[in-house]
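Please walk me through this structure, from the contacts inside the protein to its surroundings.

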Amino acid sequence: MFYICINFKYMNQNFSEQEQIRRQALEELIALNIDPYPSDTYEINANTEEIHKHFPQDNTLYQDISIAGRLMNKRIMGSASFAELQDSKGRIQLYFNRDEICPGEDKLMYNTVFKKLLDIGDIIGAKGFVFTTRMGETTIHVKEFTILCKSLRPLPIVKKKDGKTYDAFTDPEQRYRQRYVDLIVNPHTREIFKKRAAVIRNIRNFLEELGCLEVETPVLQPIYGGAAAKPFKTYHNKLDTTLYLRIANELYLKRLIVGGYDGVFEFGKDFRNEGMSRFHNPEFTQMEMYVAYKDYYWMMDIFEEMIEKVVIELNDSTIIKTGDNTIDFKRPWKRFTMYEVIKHFTGEDISEMNESELIKLAKKLGVETDRYMGKGKIIDEIFSDKCEPHLVQPTIIMDYPIEMSPLAKKHRSKTGLVERFEVICSGKEICNAFSELNDPVDQRKRFEEQLELGRRGDPEAMVIDEDFIKAIEFGMPPTTGLGLGIDRFAMIITDSKSIQDVIFFPQMRPDK
RNA sequence: GACUCGGUAGCUCAGCAGGUAGAGCACAUCCCUUUUAAGGAUGGGGUCCUGAGUUCGAUCCUCAGCCGAGUCACCA
């Protein structure tokens, strides 16, 4: 009669059979005086990547190794068995032989501990030597193993053969909600986040070499500003005041330029209480930088240089395949003014148009407008709708209408425009930059125009930041600033379809 | 927010004119001293997303809800 002894303790707790069995194995280990969660350091002197890199060529190496990782597979063949160990670098096969694990009469470590009590997902340490099996696979001949952590939940087992993947753990919801499982089981996911980290590291190095100071500014702000967006609102009890989670870093970073730094930058989370999509997560990472005594032309050059360098560093080439597009980041990129690019894609010269003519044009082009949209916003709509999606290669679009850029400096020669540029790539904006407005009188006027837009109903109109005006009344040197969406850029670099693929824990509805 | 698709075992999925479910992997028992997604045999495992309705009977049909994915709309 078939019979499994399941401990009563676990019967009524809604554990699945596999969870019950693992909990029982845990108890049996304890009963055998084996600590399933030992605290000592486990000394390691090899990793899977190194072994695979050097071993078959020089088989005198790795004859006395100690390695640790997660058990990902077990193939028991009687008194000789194979398993797979996964560490942070990759995987390697382990060979277990009963009489070597247990040289004496007592075969417990092999027959019971290895064969029965060790499960896929457990973390173990192994000591032994590396050899090549008859099948030609580099393998660790294990002479001794140690349980470092018992796993109580079964892991999805992804298998591969001839480049085909079986039983892949692919359900996006589960991958995002249980990112730890995704990371264990899908090596590609770990690579994406290493690349993301490398993007940030390379940008940071570049900016430090440029002489900029990395700074941190408040996330909790009494007045949000620096962008057109809806904020998250929160409350500080002791101060009895409403605070907002920042939507941009801009106004604080410019205060630091007022304070006398020549260049500052910040990698920061910004928060926008708006829709979510594969391009939008409520919290996202932005790098903003401000450099004194420079203008937006200088920034265009520096940004091109920085991105080209980062792409080469990560990719060994300036060419990146992303989605259906092949993008070449090689300098110099094409540069157009906004009016030029609109003329190019719509055939319309809008440079002399007033608001009502623009509304008429938008209608003609099938671009929706709202009552509260000002001239700048309508132009932006036309651009976003009719031009942006066509711009695949990195392209600098410059000289924006003044109405949609309340923090940018008036253009030195073109009336009605500001010295602002964006870089569009793969149909999406990846950065936004200007010659910063440092005329406090003009700045106050611009804020007031925003108030007017707010009165007309624009939910994203900016509010006046009196302290910021005060700061620039003390005098801010001519400055150029730039914001780079790190998530969006990481999507391009890692060929990810969704922003959720480049954020470890994307925002999800609470799990029910 | 609108539309489309989906939610069945730990994982990947099948199923059904409406008669309370299947496969592979994983798991368990036994056999097996170099196997390669995958040795052999046997076996256990499911509130078929939730709730209501239709029905003798619903995993399946209807309605509502929850969650997710994709497309579109807005912000980066």
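Predicted model: local features only at pLDDT ≥ 70, side-chain atom pairs only at ≥ 80, totals over all residues.

**A buried lysine and its partners**

K150 is buried, with a relative accessible area of 2%; buried means under 20% relative accessible area, exposed over 50%, and partly exposed in between, computed with a 1.4 Å probe on protein chains only. K150 is in the loop between β5 and β6, and it is linked there to D122 in the loop between α4 and β4, 28 residues apart. Helices (H or I, at least four residues) and strands (E, at least two) are DSSP runs, numbered from the N terminus.

Residues are numbered from 1 along each chain as its sequence is written, chains are lettered from A and ligands numbered from 1 in the order in which they are written, and side-chain values use heavy atoms, with hydrogens and water left out.

The link between K150 and D122 is a salt bridge, with the closest N and O atoms 2.7 Å apart. A salt bridge is a side-chain nitrogen of Lys or Arg within 4 Å of a carboxyl oxygen of Asp or Glu. Side chains of opposite charge can pair when their charged atoms come close. D122 is also buried, at 0% relative accessibility.

K150 forms a salt bridge with D119 too, and here the closest N and O atoms are again 2.7 Å apart. This pair joins distant parts of the chain: K150 lies in the loop between β5 (138-149) and β6 (159-161), and D119 in the loop between α4 (108-117) and β4 (123-132), 31 residues apart. D119 counts as buried at 16% relative accessibility. D119 and D122 are also in contact with each other, as the backbone nitrogen of D119 lies 2.8 Å from a polar atom of the D122 side chain. That is a polar contact, defined as a pair of N or O atoms within 3.5 Å; within protein, one must be able to donate a hydrogen and the other to accept it, and residues adjacent in sequence count only if both atoms are side-chain atoms.

**Other salt bridges**

The structure holds 33 salt bridges. What separates E191 and K194 along helix α7? They are 3 residues apart in this helix (residues 187-209), which means about one helical turn. E191 is partly exposed at 41% relative accessibility, and K194 is partly exposed at 43%. Elsewhere, salt bridges that share partners join R175, R179, D182 and D501 into one network.

**Aromatic rings**

A search of the whole structure finds 16 aromatic pairs. Rings of Phe, Tyr and Trp (its six-membered ring) pair if their centres lie within 6.5 Å; planes under 30 degrees apart count as stacked, over 60 as edge-to-face and the rest as tilted. Y95 and F131 form an edge-to-face pair, 5.8 Å centre to centre with 65° between the planes. Y95 belongs to strand β3 and F131 to strand β4, so the pair links distant parts of the chain, 36 residues apart. Y95 counts as buried, at 15% relative accessibility. Ring pairs link F82, Y95, F129 and F131 into a cluster.

Rings also meet charges. The charged end of R420 sits over the ring of Y400, 4.5 Å from its centre, and R255 lies over the face of Y252, at 4.4 Å from the ring centre. A charge sits over a ring if NZ of Lys or CZ of Arg is within 6 Å of the ring centre and within 35 degrees of the ring normal.

**Around the RNA**

Of the 58 residues around RNA strand B, Q93, K159, K161, H280 and R488 come nearest. A residue is near a molecule or strand if one of its heavy atoms lies within 4 Å of it. Of the RNA strand B atoms within 4 Å of the protein, 57% belong to sugar or phosphate and the rest to bases. The side chain of Q174 has an N or O atom 3.2 Å from a phosphate oxygen of RNA strand B. For E274, the partner is a sugar or linking oxygen of RNA strand B, at 2.7 Å from an N or O atom in the side chain. The largest share of the surface near RNA strand B, 5 residues, comes from α5.
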